[in-house]
Amino acid sequence: MPVIYQTYQSQFANRSGKKLYYPRVVLTGSVGTDQIAREISELSSLTTGDVKNVIDNLVTVVTRHLQASESVMLDGFGSFRFTLNTLNGGVENEADVSATQSQLKVRFLPTGTRHADGTLATRSLVQGAKCVRFEAVPADPDATQPGGEDEEDSGQGTFG
């Protein structure tokens with residue numbers, strides 16, 4: 001199934017005074033821990049309960065390390081770290097800096113591979129993803145995609 005996107009117009013004008021259009025991912029549902037545990041169980045020798053227990057413990061352990069100001073790297077998956085996003089701008093005096101002027105967030109960055117020159121080659125989770133414009137998605141999910149269109153004309157794109 002492809003990643004579906006639709007267009008949206010920015011509420012803010014750019015420097016030229018134009019409100020530009022951008023693609024935005026359309027979520028078609030969500031999957032919880034139980035479903036993930038069932039699917040991993042089907043791919044392994046573990047029971048669904050064993051997998052769910054590991055996932056629950058993974059969340060606990062990752063949380064513990066993040067709250068100790070450590071980043072967490074899961075090989076082949078990505079890394080997690082805390083960031084502080086300023087809510088109302090900075091302050092004039094260093095002594096006035098406080099965590100309350102920011103919002104604590106978790107940043108996730110998928111694992112990536114690099115070319116010999118150091119530039120990013122691929123990111124796990126994104127490599128091979130295909131994007132299709134919302135209007136191009138068939139009403140019947142089992143129907144085939146319309147043929148004869150170039151990727152550029154149909155609004156499709158592949159990453160990786």
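**Folds, a pocket and a patch**

The chain has 3 helices and 9 strands. The model is predicted.

Visitor: In what pattern do the helices and strands follow along the sequence?
Guide: Start from the content: 3 helices and 9 strands.

Visitor: What percentage of the residues in the chain is buried?
Guide: Buried means under 20% relative accessible area. The chain has 160 residues. The buried share of them is 16%.

Visitor: Which helix gives the most to the lining of the largest pocket?
Guide: This pocket has a volume of about 260 Å³. Its lining consists of Ile55, Leu58, Val59, Val62, Thr63, Leu74, Phe77 and Phe80. The top contributor, with 5 residues, spans residues 48–66. That is helix H2.

Visitor: How many residues in the lining of the largest pocket are charged, and how many are polar or nonpolar?
Guide: Take the lining residues, including Leu74, Phe77 and Phe80. Sorted by class, 7 are nonpolar and 1 is polar. The charged count is none.

Visitor: Which residues make the nonpolar surface patch of about 290 Å²?
Guide: A patch residue needs over 30% relative accessible area. Val3, in strand S1 (residues 3–9), has 31%. The patch is made by Val3, Val25 and Leu27.

Visitor: Why does Val3 count as partly exposed?
Guide: Buried is under 20% and exposed is over 50%. Val3 falls in between, so it counts as partly exposed. Its relative accessibility is 31%.

Definitions and conventions: Residues are numbered from 1 along each chain as its sequence is written. This is a predicted model: local features need pLDDT of at least 70, side-chain atom pairs count only at pLDDT 80 or more; totals for chains, interfaces and linings use all residues. Side-chain values use heavy atoms; hydrogens and water are left out. On a 1 Å grid over the protein atoms alone, a cavity is a set of points where a 1.4 Å probe fits but cannot get out, and a pocket is an open set with protein on both sides within 12 Å along at least five of seven lines; lining residues have an atom within 4 Å of a point. Grid points are joined across faces, edges and corners, and a volume is the space filled by probe spheres set on the points. Helices (H or I, at least four residues) and strands (E, at least two) are DSSP runs, numbered from the N terminus. Ala, Val, Leu, Ile, Met, Phe, Trp, Tyr, Cys and Pro count as nonpolar, Asp, Glu, Lys and Arg as charged, and the others, Gly among them, as polar. Patches are made of residues with over 30% relative accessible area and no salt bridge: like charges are joined within 9 Å, nonpolar side chains (Val, Leu, Ile, Met, Phe, Trp, Tyr) within 5 Å. Accessible areas come from the Shrake-Rupley method with a 1.4 Å probe; for residues, only the protein chains shown count as cover. A salt bridge is a side-chain nitrogen of Lys or Arg within 4 Å of a carboxyl oxygen of Asp or Glu. Buried means under 20% relative accessible area, exposed over 50%, partly exposed in between (1.4 Å probe, protein chains only).
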